[in-house]
Every structure is written in structure tokens, then in C-alpha cells.
Amino acid sequence: MEISELLSLENTIAAELFEGLSYPWQALELIKDFILKLGEELPADKFYKRGDDIWIARSANVYPTACIAGPCIIDENAEVRHGAFIRGSAIVGKNAVVGNSAELKNVVLFDGVQVPHYNYVGDSILGYKAHMGAGSITSNVKGDKSHVFARIDGQSIDTGRKKFGAILGDRAEIGCNSVLNPGTIICRDTMVYPLSSVRGTVPENCIYKSADNIVRKH
């Protein structure tokens, strides 16, 4: 599975982060250094710098009650709402929404992503216009703290990471109060029912009702 089959790289300020990678989760260990490099290159007429390593677009709407730790980039017209907690190593894309009580850590949110209500997103990548319903979260560590495996084309691949939440393809829709278990990949245009516990890879353009009931969209 090529990265371009999951993610539209033209819809993120972080396109260069994925250059030369075989799998999208390989970008997770590179996010921090990438932000520090890219941040210093951002134009001052569009971004202002807060502290040592936080860059916020002048057109972004960041509520004064949001807590933001660096390194972090918040792109143009993004909204970071009341009580949001960004723990660092986070890129928030253009027109993205980070909502009340949402928590981000070591993530890339592509343009138009919405994590608007009570979401935890850690060690994850969310593609263009992906949406996480209220209370849905990524679980990024296995109970035994062993390496997370990903399912790609029927093969189980050791990601080499103990922390890896989920990859959401462009326009993925995650239902309210769902849990994406470590290493979950939701492909493009796929919907997950509310209250689901998902693991493995869910194909594109599908509706996930349960592990035994995944149907193609009509």
C-alpha cells in the first residue's frame, strides 16, 4: 500500500515529511525534528512564533484557554478551541478543528481534519478531511508494551514502534466513542460505526459495522 493511496500529500504543510518513506507510520519518529526545521522557514507575514518552538498562523483561531506545548505548527484558518491540550510534536493543518478537551501528541492532522469533541489522538496521522466523532480515541500503546504490528496487504508488519495509534486515510469517518486500537489503519472514504473497537486495516470506501461485518459502500 503506497502512502499516496491513503493520504493526499498536496493537502498538508508536512508533505516533505513523507518523502522517501515506505509506510506512513515511519513519519512518526520524524515529526519533532521536521517541525523545528519547517517552523524556522515559515513566513513571518503569515505565522507568528510563540516561545521557542510554536508557530501559529495569524489567521488561526486559538482560544486563550487552549494549552499548547512545542514543537507545534498550527496552519492557516485552523481552530483550536477551549480546553484543547496539544502536548507537542503536533502539526494542525489548514482549516482543521481541535475541539474542547481534545488532546494531541506526536501527530499530523492534514488540512480539514476535525477532532472536535473529547478526542485523544496520539502517535497518529489523520488524512485530509478525516473526522473523529465525539469521544472517539486512538489507543497508541499495547497492554504488554510490545511492538505494534500493522496489517498491510494481508501481511503483519512489525512497525518497530511501541507507540503507534492509527492512520486515517482521506475523508475517513470515525463514529462516536469508538476506539482505534494500536496500529489501526482506516483507508480512504471509510466509515466506522459508533461504539466500535477497531484493529487491523479496514479497506477503502467501506462501512465498518463490526470486525465480522464490513460492507462496501453502494
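Okay, ground rules. What you're looking at is a predicted model, where local features need pLDDT of at least 70, side-chain atom pairs count only at pLDDT 80 or more, and totals for chains, interfaces and linings use all residues. Residues are numbered from 1 along each chain as its sequence is written, and side-chain values use heavy atoms, with hydrogens and water left out.

Now the overall picture. The protein chain has 2 helices and 25 strands; those are DSSP runs numbered from the N terminus, H or I with at least four residues for helices, E with at least two for strands. The radius of gyration is 16 Å, close to the 17 Å that the globule rule gives for 218 residues, so the chain is as compact as a globular protein of that length. For the record, that radius is taken over C-alpha atoms, and the rule is 2.2 Å times the number of residues to the power 0.38. The C-alpha trace spans about 50 × 35 × 35 Å along its principal axes. Of the 218 residues, 51% are buried.

Back to tyrosine 23 and its rings. Rings of Phe, Tyr and Trp (the six-membered one for Trp) pair if their centres lie within 6.5 Å; planes under 30 degrees apart are stacked, over 60 edge-to-face, and the rest tilted. That rule gives 3 aromatic pairs. In one of them, tyrosine 23 is stacked with tryptophan 25, 4.5 Å centre to centre and 5° between the planes. Tryptophan 25 is buried, at a relative accessible area of 3%. Ring pairs also bring in Phe164, making a cluster of Tyr23, Trp25 and Phe164.

On to charges. I'm calling it a salt bridge when a side-chain nitrogen of Lys or Arg is within 4 Å of a carboxyl oxygen of Asp or Glu, and the structure holds 9 of them. Take lysine 37 and glutamate 41: their closest N and O atoms are 3.1 Å apart. Both sit in helix H2, residues 31–41, and they are 4 residues apart, about one turn of the helix.

Arginine 171 lies in the loop between strands S17 (166–168) and S18 (173–174), and aspartate 189 in the loop between S20 (184–186) and S21 (191–192), so the pair ties together parts that are 18 residues apart in sequence. Both ends are partly exposed: arginine 171 has a relative accessible area of 34%, and aspartate 189 has 24%. There's a network as well, with salt bridges linking Lys105, Asp123 and Arg161.

Last stop, leucine 36, which is also in helix H2. What does leucine 36 contact, leaving aside its neighbours within four places in sequence? With contact meaning heavy atoms within 4.5 Å, the answer is Asp53, Trp55 and Pro71. Leucine 36 is partly exposed, at a relative accessible area of 33%.

Key:
Buried means under 20% relative accessible area, exposed over 50%, partly exposed in between (1.4 Å probe, protein chains only).
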